[in-house]
Amino acid sequence: MALAFLLGYLVGGLPVAFWFGTLRGKDLLREGPDFLSALEVLGPVPGLLVLFLELFQGALGVALGEGVAGSPLGGLLGGVGAVWGQAFSPWLLFRGGRALAPAAGALLAVDPRLLLLALFLFALLYLAFRRPGRAVLAVALALPLLAALLGKTPSHLLFGLLVGLPVAFRHLGDPQ
């Protein structure tokens with residue numbers, strides 16, 4: 001099971017946005033090496049490519065974890081590892097991005113309904129308060145409750161908590 005988490009962590013930690021920025025002569029470490037920064041600094045095409053690749057990192061973490069462990073629990077651990085890897089990349093001396101895209105990819109791979117619930121809650125909170133950073137923070141902390149609404153197992157509740165924590169941590173200082 002530890003191998004499932006480790007593989008997810010190493011895959012999720014690959015600094016895709018940082019590499020795209022380096023190819024364009026930009027240092028995304030100042031902005032945060034994730035797809036949001038890539039969209040702002042590099043433009044829409046590189047930003048969307050980074051988004052797609054980071055979503056894939058989260059889903060790949062789930063697939064690798066499940067394949068290595070031979071169980072759905074391994075997939076949950078691999079997905080958690082991918083999110084933590086993006087937030088605290090071992091390739092960038094434990095700096096990283098906001099972990100939104102790998103979290104969405106992991107949620108999609110584990111249960112698409114969980115991702116849809118999270119997006120729905122984000123939309124409601126954003127429409128109510130017009131503060132995207134705070135809406136993301138609230139949704140990240142609510143992931144275990146969203147899993148409970150779907151009647152998932154205690155493992156899924158823990159998955160929601162462990163996916164939401166690094167996302168919430170990375171959004172704590174967000175003034176939005």
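Ser89 sits in the loop between α5 and α6, where helices (H or I, at least four residues) are DSSP runs numbered from the N terminus. The model is predicted: local features need pLDDT of at least 70, side-chain atom pairs count only at pLDDT 80 or more, and totals for chains, interfaces and linings use all residues. Residues are numbered from 1 along each chain as its sequence is written, and side-chain values use heavy atoms, without hydrogens and water.

Ser89 counts as buried because its relative accessibility is 2%; buried means under 20% relative accessible area, exposed over 50%, and partly exposed in between, with a 1.4 Å probe and protein chains only. Apart from neighbours within four places in sequence, Ser89 is in contact (heavy atoms within 4.5 Å) with Tyr9, Gly13, Pro15, Phe94 and Arg95.

Helix α4 covers residues 44-69, and its 26 residues reach 37 Å from first C-alpha to last, close to the 38 Å expected; the expected span is 1.5 Å times one less than the number of residues. Its buried residues include Pro46, Val50, Glu54 and Gly61. The buried residues of α4 pack against α1 (2-12), α2 (16-23), α3 (35-42), α5 (72-87) and α6 (100-110). After α4 comes Gly70, with a positive phi near 70°.

α4 also takes part in the largest pocket: α4, α6, α7 (112-129) and α8 (132-149) each supply at least two residues of its lining. The largest contribution to this lining is from α6, with five residues. By class, the lining has 17 nonpolar, no polar and no charged residues, where Ala, Val, Leu, Ile, Met, Phe, Trp, Tyr, Cys and Pro count as nonpolar, Asp, Glu, Lys and Arg as charged, and the others, Gly among them, as polar.

Side chains of opposite charge can pair when their charged atoms come close. With a salt bridge taken as a side-chain nitrogen of Lys or Arg within 4 Å of a carboxyl oxygen of Asp or Glu, the count is three. One joins Asp27 and Arg30, at 3.9 Å from N to O. Arg30 counts as exposed because its relative accessible area is 73%.

Asp111, Arg113 and Lys152 are linked in a network of salt bridges. Asp111 pairs with Arg113, the closest N and O atoms being 2.9 Å apart. Lys152 forms a salt bridge with Asp111, also with 2.9 Å between the closest N and O atoms. This pair links distant parts of the chain, 41 residues apart: Lys152 lies in the loop between α8 and α9 (154-171), Asp111 in the loop between α6 and α7. Asp111 is buried, at 6%, whereas Lys152 is partly exposed, at 26%.
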